[in-house]
Amino acid sequence: MMNRVLFFIFAFMSSHGIAEESDAPETIWLESDEMVSCTPRELSRGDVLRVNLSGSHGKELALYRHDESLWLFLVVSSPPSTMKPLMSSQRFENVKQIEIASTTTGYRWDNKGGNETIFSKPGKYTLYVSENLESEGGGYKCELFVKNR
């Protein structure tokens, strides 16, 4: 009897879209060297990442460290009080090039929080630039690798 009740509840929820995945469109991140380019794509100890930006690239910047599934925010419109941003979002919105040193910190966007050296661990990273990183608006990205130090 209990299994039959659970089946009917699931069937009802499924038919009304309650148990389905969100119908929201997937966030689109484009790779375009004309909008955002990163050089070099492979960083060694002490290297500086140069990021060239187009005129309308957005006002927020973050790196994603793939091995840990960790977001490190560098520029955000409403930063937490303890964040040490690379620059203000108003300034970032208008720059055409930035340099990110190996000692630059980003703010951990997880339950730990806090500022952390962004390239402190080897592996794959993706740099994201957007008008609003926490929206479905998407933006631009470039992938890079940090070599074992």
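A salt bridge is counted here when a side-chain nitrogen of Lys or Arg lies within 4 Å of a carboxyl oxygen of Asp or Glu. The exercises below apply this cut-off to a predicted model.

**Exercise 1.** Decide whether the pair Glu 131 and Lys 59 is a salt bridge, and state which parts of the chain the pair ties together.

*Solution.* The N to O distance between the side chains of Glu 131 and Lys 59 is 3.6 Å, and because the cut-off is 4 Å, the pair qualifies as a salt bridge. Glu 131 belongs to the loop between strand 10 (123-130) and strand 11 (139-146), whereas Lys 59 belongs to the loop between strand 4 and strand 5 (60-65), so the contact joins parts that are 72 residues apart in sequence. As for accessibility, Glu 131 is partly exposed at 42%, and Lys 59 is likewise partly exposed at 26%.

**Exercise 2.** Locate the two partners of the salt bridge between Arg 50 and Glu 99, and classify their accessibility.

*Solution.* The side chains meet at 3.4 Å, N to O. Arg 50 sits in strand 4 (residues 49-53) and Glu 99 in strand 7 (residues 97-100), so that the pair links distant parts of the chain, 49 residues apart. With relative accessibilities of 35% for Arg 50 and 47% for Glu 99, both residues count as partly exposed.

**Exercise 3.** Classify Arg 108 and Asp 110 as buried, partly exposed or exposed, and name the network to which they belong.

*Solution.* The closest N and O atoms of this salt bridge are 2.6 Å apart. Arg 108, at 11% relative accessibility, is buried because the value falls under 20%, while Asp 110, at 29%, is partly exposed. Both residues take part in a network of salt bridges that also links Arg 65, Glu 68, Glu 116 and Lys 121.

Definitions and conventions. Residues are numbered from 1 along each chain as its sequence is written. This is a predicted model: local features need pLDDT of at least 70, side-chain atom pairs count only at pLDDT 80 or more; totals for chains, interfaces and linings use all residues. Side-chain values use heavy atoms; hydrogens and water are left out. Helices (H or I, at least four residues) and strands (E, at least two) are DSSP runs, numbered from the N terminus. Buried means under 20% relative accessible area, exposed over 50%, partly exposed in between (1.4 Å probe, protein chains only).
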